[in-house]
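This report describes how the parts of one protein chain pack against one another. Please read it alongside the sequence and the coordinates shown here.

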Amino acid sequence: MDYDLLLKDAESFVSKYMRKHENPKLLFHNLATTQNVVSVADQIAQHYSLNERELFIVRAAAWFLYVGYYKIPATPEESSAEIAAEFFTNSGVESEIVDAIKQCILATAHYDSPANIPASIVRDADTFYLGFENFPSCDKLRRKEFSQLNKSNIDKSEWKRKTIRELEAHQYFTDYAKSRMELNVQGHLKRLKKKNPLLAQDSRLPFAASAEQSSPGVISESGKEKSKAHKNDSSARTIETMFRTTSANSQRLSSQADTKAHIMISVNTIIISLMLGLRQLAQSSSLTVPVVVLLIVNLVTIVFSILATRPNIAKRKFTGEDFEQNNVNLLFFGNFYSLDFGSYSSAMLNIMDDKQALHITMLRNLYEQGAVLAKKYKMLKISYNVFMYGLILSVIFFLLAPKIF
């Protein structure tokens, strides 16, 4: 089955369908936003080991995600799923794949967790705009679209309250979206609450005044407890996101350092091979010094590049006292690989039972990642400097060799 051809046909079908059933009221859920959703879904999917079939399901569902708004705006997800099922069935796609595409589309209409990775990707792509810098503009378009479709001019305060409630309750399901968008979502929520403090107080209440409020501006005890609980939950999510994002950034920088080191090793190895192959250069008395200088530069560069990527595991054996005082980073395998499973699991369970100890362990892990990263980049900088200045010096020697030597 040619998935690429099917996706091109799907893109053409959706574009023609939206133009044929053009609805000027759809200011947000239109072809332009659909293209953005497809692009975002593709970005998220690239970070997972999806096979060709699963990747097709994600992209197909993304293309048909908003087409239902042009048929029955009241139930867009169900309409989109029906239109997609009809199109792909007529195109000869297997029923299992068609059902999976429908499942991904319908996942955006439910509040429970998606059933699988493709559905999670489509769900996050659908709400990725919540973390965009231009979210306020998107939200204005959503409000205008909602008002026009429902033939009612919803009050700005009510819409802002609704948006605050939506941002508070929102969650992403893929690590990619969590690491890139959760902090932005919290930032939008914080700005909205700061600009609208009264709306922020009752954002978890219905649009109408709650019966629990005895007078305007007075919040009941249960409301305070809910607000406090939500604040704690939001703070926990922010801390979790901070740890995840920082760790991911360190891993990415470490991977980049390894790649740069491998490039230096490969380039200098090739140069050494060429120089050794051209022995007549070394036999020439005038070129002996330049050749030797270049070989030394290549060798030193390779050594520091290897030092930048060489694995290093601590040789120290930790005692029970180290574990009790939380002086060991149990998140790094080099510290616990010599332990038996019973000792390791016992130490980890103790840390997980103590929130502060858990945070200290995670902070220590981030710190040690940073220390290793600093060492990598220090060695890599020396390697690049030796190569750059050494190469310049070698070229100068080669040019002046006939006159000097």
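In this predicted model, the count of aromatic pairs comes to 15. One of them joins Phe128 and Tyr176, whose ring centres lie 6.4 Å apart and whose planes stand at 20 degrees, so the pair is stacked, the limit for that class being under 30 degrees. Phe128 belongs to the loop between helix H6 (117–126) and H7, whereas Tyr176 belongs to helix H9 (residues 175–195), so the pair ties together parts that are 48 residues apart in sequence. Both partners are covered: Phe128 is buried, with a relative accessible area of 5%, and Tyr176 is buried as well, with a relative accessible area of 10%. Elsewhere, a single aromatic cluster is formed by Tyr3, Phe13, Tyr17, Phe56, Phe64, Phe87 and Phe88.

The chain as a whole gives the setting for these details. The protein chain holds 17 helices and 0 strands, and of its 405 residues 39% count as buried. Among contacts between residues at least 6 apart in sequence, 73% join residues at least 24 apart.

How many of the residues of H6 are buried? The helix is mostly covered, with 9 of its 10 residues buried, namely Pro118, Ala119, Ser120, Ile121, Val122, Arg123, Asp124, Ala125 and Asp126. These buried residues of H6 pack against helix H2 (31–45), helix H3 (52–64), helix H5 (95–106) and H9.

Two packed helices are described by the angle between their axes and the distance between the axes.

| Helix pair | Angle between axes | Distance between axes |
|---|---|---|
| H1 and H4 | about 135 degrees | 11 Å |
| H2 and H3 | roughly 160 degrees | within 8 Å |
| H7 and H8 | roughly 120 degrees | within 11 Å |

Helix H1 (residues 3–20) and helix H4 (residues 76–90) pack with their axes 11 Å apart and at an angle of about 135 degrees, which makes H1 oblique to H4. The crossing of this pair, H1 and H4, is right-handed. On the H1 side the residues in contact are Leu6, Asp9, Ala10, Phe13 and Tyr17, and these meet Ile83, Phe87 and Phe88 in H4. By class, the residues of the contact of H1 with H4 divide into 7 nonpolar, no polar and 1 charged. Among the residues named in this contact, Phe13, Tyr17, Phe87 and Phe88 also belong to the aromatic cluster described above.

For H2 and H3, the axes come within 8 Å and cross at roughly 160 degrees; since angles over 145 degrees count as roughly antiparallel, H2 and H3 are therefore roughly antiparallel to each other. H2 passes H3 in a right-handed crossing. The contact is made by Thr34, Gln35, Val37, Val38, Ala41, Asp42 and Ala45 of H2, together with Leu55, Val58, Arg59, Ala62 and Trp63 of H3. These residues of the contact of H2 with H3 divide into 8 nonpolar, 2 polar and 2 charged.

The axes of helix H7 (residues 135–150) and helix H8 (residues 156–169) come within 11 Å and cross at roughly 120 degrees, and H7 and H8 are therefore oblique to each other. H7 passes H8 in a right-handed crossing. Which residues bring these two helices, H7 and H8, together? From H7, Phe135, Asp139, Arg142, Arg143 and Phe146 meet Lys156, Trp159, Lys162, Thr163, Glu166 and Leu167 in H8. The residues of the contact of H7 with H8 divide into 4 nonpolar, 1 polar and 6 charged.

Lys16 lies in helix H1 and, at 57% relative accessibility, counts as exposed, the cut-off being over 50%. Between Lys16 and Leu31 there are 9.9 Å in space, C-alpha to C-alpha, while in sequence they are 15 residues apart.

Val300 has its place in helix H13 (residues 288–309) and is partly exposed, with a relative accessible area of 30%. Val300 and Ile382 are 82 residues apart in sequence, yet 9.4 Å apart in space, again taken C-alpha to C-alpha.

Terms used:
Residues are numbered from 1 along each chain as its sequence is written. This is a predicted model: local features need pLDDT of at least 70, side-chain atom pairs count only at pLDDT 80 or more; totals for chains, interfaces and linings use all residues. Side-chain values use heavy atoms; hydrogens and water are left out. Axes are lines fitted to C-alpha atoms, for helices over the stretch in contact, and angles run from 0 to 180 degrees between N-to-C directions. Helices (H or I, at least four residues) and strands (E, at least two) are DSSP runs, numbered from the N terminus. Angles under 35 degrees count as roughly parallel, over 145 as roughly antiparallel, 65 to 115 as roughly perpendicular and the rest as oblique. A crossing is left-handed if the near helix is turned anticlockwise from the far one by less than a right angle, and right-handed if clockwise. Contact means heavy atoms within 4.5 Å. Ala, Val, Leu, Ile, Met, Phe, Trp, Tyr, Cys and Pro count as nonpolar, Asp, Glu, Lys and Arg as charged, and the others, Gly among them, as polar. Rings of Phe, Tyr and Trp (its six-membered ring) pair if their centres lie within 6.5 Å; planes under 30 degrees apart count as stacked, over 60 as edge-to-face and the rest as tilted. Buried means under 20% relative accessible area, exposed over 50%, partly exposed in between (1.4 Å probe, protein chains only).
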